[in-house]
Amino acid sequence: MNNFKKTKRHIFQFSVILLSFFTFVLKAGGQAQPGTDPATKEIIRVMNNSAREWNEGKLNAFIDLYDPTATMMMPTGPVGMSGIKDLYQKKYFKGKMPKQNLRYSDIKVRSLGSNYALVTGAFTLYGNNLPERSGRYSLVMIHAKSGWKILHDHSS
């Protein structure tokens, strides 16, 4: 698929997400709903599994949480899967193991329709006698045949 078609598809997906989000906000009165539904539980489970895989040095399993068409926002703009994997491998791993362990906290899930969700929370990198680093993230996730996957990642 050429870049124009991919871009057009991503714009369409993003438009659907935005429309779903605003519909949800209007129906919910602007309030996030408590997360006890099956989709929320599943998303939290896959997020926690991904942190475990990271900590075990299973970078490919961690990367598998991303949809093949996923993008990540970088200071220079969005990058695709090769840029995402390259970032993790070069900046956060030393050989086959992570430089620090990863944990997530404050995970919040907002449904953007039956197949999309906005996931926000905090991450912490810790251990190996290095200073603890933490930040926030927002993820747009899509429910694919293989389960919930990250469609877009914006972490800082």
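The exercises below concern a predicted model.

**Exercise 1.** Which side chain of opposite charge is nearest to Asp-153, and how far away is that side chain?

Solution. 
- Start with the location: Asp-153 belongs to strand 8, which spans residues 147–155.
- Asp-153 is buried.
- The nearest side chain of opposite charge is that of Arg-136, at 12 Å. A salt bridge requires a distance within 4 Å, and Asp-153 has no salt bridge.
- A polar contact is present instead, at 2.6 Å, between the side chains of Asp-153 and Ser-155.
- Beyond four places in sequence, Asp-153 is in contact with Tyr-66, Thr-71, Met-72, Met-73, Tyr-88, Ser-138 and Leu-139.

**Exercise 2.** Which element gives the most residues to the largest nonpolar core?

Solution. 
- The largest nonpolar core holds 30 residues, and Phe-62, Tyr-88, Tyr-104 and Met-141 have the most contacts inside it.
- At least two residues of this core come from each of several elements, including helix 2 (38–55), helix 4 (81–92), strand 5 (101–111) and strand 8.
- Helix 2 gives the most, with five residues.
- Another core, of five residues, lies apart from the largest one; Tyr-116, Val-140, Ile-142 and Leu-151 are among its members.

**Exercise 3.** Why does Lys-94 count as exposed?

Solution. 
- Lys-94 is located in strand 3 (residues 93–94).
- The relative accessibility of Lys-94 is 67%. The cut-off for exposed is over 50%, so Lys-94 counts as exposed.

Notes:
Residues are numbered from 1 along each chain as its sequence is written. This is a predicted model: local features need pLDDT of at least 70, side-chain atom pairs count only at pLDDT 80 or more; totals for chains, interfaces and linings use all residues. Side-chain values use heavy atoms; hydrogens and water are left out. Helices (H or I, at least four residues) and strands (E, at least two) are DSSP runs, numbered from the N terminus. Buried means under 20% relative accessible area, exposed over 50%, partly exposed in between (1.4 Å probe, protein chains only). Lys and Arg count as positive and Asp and Glu as negative; His and the chain ends are not counted. A polar contact is a pair of N or O atoms within 3.5 Å; within protein, one must be able to donate a hydrogen and the other to accept it, and residues adjacent in sequence count only if both atoms are side-chain atoms. Contact means heavy atoms within 4.5 Å. A nonpolar core is a set of buried Ala, Val, Leu, Ile, Met, Phe, Trp, Tyr and Cys residues joined through side-chain atoms within 4.5 Å.
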